[in-house]
Amino acid sequence: MTYTTLISTAQLQALQASGQPYMVFDCSFDLGNPAAGRQQYIEAHIPGAVYADLDQHLSARHGAPGKDGQVQTAQTDQPASGGRHPLPSRERFAQWLSSIGFRNDMQAVVYDRQGCNFCGRLWWMLKWAGHDAVAVLDGGLQTWTALGGATSQGTEAAHFQSNFALKDSLRQLVSVTEVEQGLTQAGQHTLIDARAPARYRGEVEPMDPVAGHIPGALNRPFTENIALDGRFKPKELLRAEFDALLQGQDPATVVHQCGSGVSALPNLIAMEIAGFAPTKLFAGSWSEWCSNPARAVAKS
């Protein structure tokens, strides 16, 4: 059995007992306190889970501050996107997967404690690397423990190195240049901005130097995909909500974005749960867009 979008607690427990090769990833994180996610992992995680750190493992380090100035990487390891959380190159990502023992024949299961805000990044990156067998644990660690799932504390034993091989990308990355071009051609791109309404409207901006949104972008906060029980809303409800948001615009033109390409992904995943074909990601998002003062900014 292969899981490619969501996996329930019961299904993960069955997977654990099946003998099928798999790896679980804990992606818990806190943008305001980057060390908190690892601490949460140490305090409690699904047995055997590997910790995937947004800053250390799922983002490029190019341009990060260092003791002697900005960290610069070799030309062969340039980031795959811009913004505050630039994607690493596919090759660098594959090296990390190999270093932790993840193999092409494994089922990947990703979760966090933040409503899929961070584990969606790893879900998408694995698809981008050509690995389809990756699923989000619906409801995250909270649902897992509420339904009697076991947890462990501390760190886990290291895995033997593997040789994860990149394959053709299963999801599409859109550059800032492509977004700019799309704004000049009607119907090419339909941007969906996953940030909170006040940030979208430009009333507040706690992370980036400029407030507002990309002209023409629609607003759907990523939290709207999650029901009161912490799981994704039912397929039919998600479908109706996205249809209402798009108002007849072609779903195939959708490009997801947020502040730095992370919280956009629950929207992208929710559209797939709803039965839409895979949509695109602008990973640089608002943080890359507003880095150029020549680009247009909308408010309200």
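**View 1. Phe-102 and Phe-164 are both buried, forming a tilted ring pair.** Buried here means under 20% relative accessible area, with exposed meaning over 50% and partly exposed in between, as found with a 1.4 Å probe on protein chains only. The model is a predicted one, in which local features need pLDDT of at least 70 and side-chain atom pairs count only at pLDDT 80 or more, while totals for chains, interfaces and linings use all residues. Residues are numbered from 1 along each chain as its sequence is written, and side-chain values use heavy atoms, with hydrogens and water left out. The ring centres of Phe-102 and Phe-164 lie 5.8 Å apart and their planes meet at 40°, so the pair counts as tilted. Rings of Phe, Tyr and Trp (for Trp, the six-membered ring) pair if their centres lie within 6.5 Å, and planes under 30 degrees apart count as stacked, over 60 as edge-to-face and the rest as tilted. Because Phe-102 lies in the loop between H3 and strand S6 (107-111) and Phe-164 in the loop between H5 and H6, this pair ties together parts that are 62 residues apart in sequence. Helices (H or I, at least four residues) and strands (E, at least two) are DSSP runs, numbered from the N terminus.

**View 2. Ring pairs join Phe-25, Phe-93, Trp-96, Phe-102 and Phe-164 into a cluster.** By the ring rule, the count comes to eight aromatic pairs. In one of them, the rings of Phe-25 and Trp-96 have centres 6.1 Å apart and planes at 45°, so this pair is tilted. Phe-25 belongs to strand S2 (residues 22-26) and Trp-96 to helix H3 (residues 90-99), so the pair ties together parts that are 71 residues apart in sequence. Phe-25 is buried, with a relative accessible area of 0%, and Trp-96 also counts as buried, at 11% relative accessibility.

**View 3. The largest nonpolar core has 70 residues, and those with the most contacts inside it are Phe-25, Phe-102 and Leu-122.** The largest share of this core, seven residues, comes from helix H4 (residues 119-128). Apart from this core lies another, of 12 residues, among them Val-174, Val-176, Trp-286 and Cys-290. A nonpolar core is a set of buried Ala, Val, Leu, Ile, Met, Phe, Trp, Tyr and Cys residues joined through side-chain atoms within 4.5 Å.

**View 4. Arg-171 lies in the loop between helix H5 (140-146) and helix H6 (176-183).** With a relative accessibility of 11%, Arg-171 counts as buried. Its side chain makes a polar contact with the side chain of Glu-272, at 2.9 Å; such a contact is a pair of N or O atoms within 3.5 Å, where, within protein, one must be able to donate a hydrogen and the other to accept it, and residues adjacent in sequence count only if both atoms are side-chain atoms. Leaving aside neighbours within four places in sequence, Arg-171 is in contact (heavy atoms within 4.5 Å) with residues including Trp-123, Trp-124 and Pro-278.

**View 5. Helix H9 (residues 265-273) is mostly covered, with nine of its nine residues buried.** Among these buried residues are Met-271 and Glu-272. H9 is followed by Gly-275, whose phi is positive, near 100°.

**View 6. Val-254 is found in strand S10 (residues 254-257).** At 0% relative accessibility, Val-254 counts as buried. The C-alpha atoms of Val-254 and Thr-279 are separated by 5.8 Å, although these residues are 25 residues apart along the chain.
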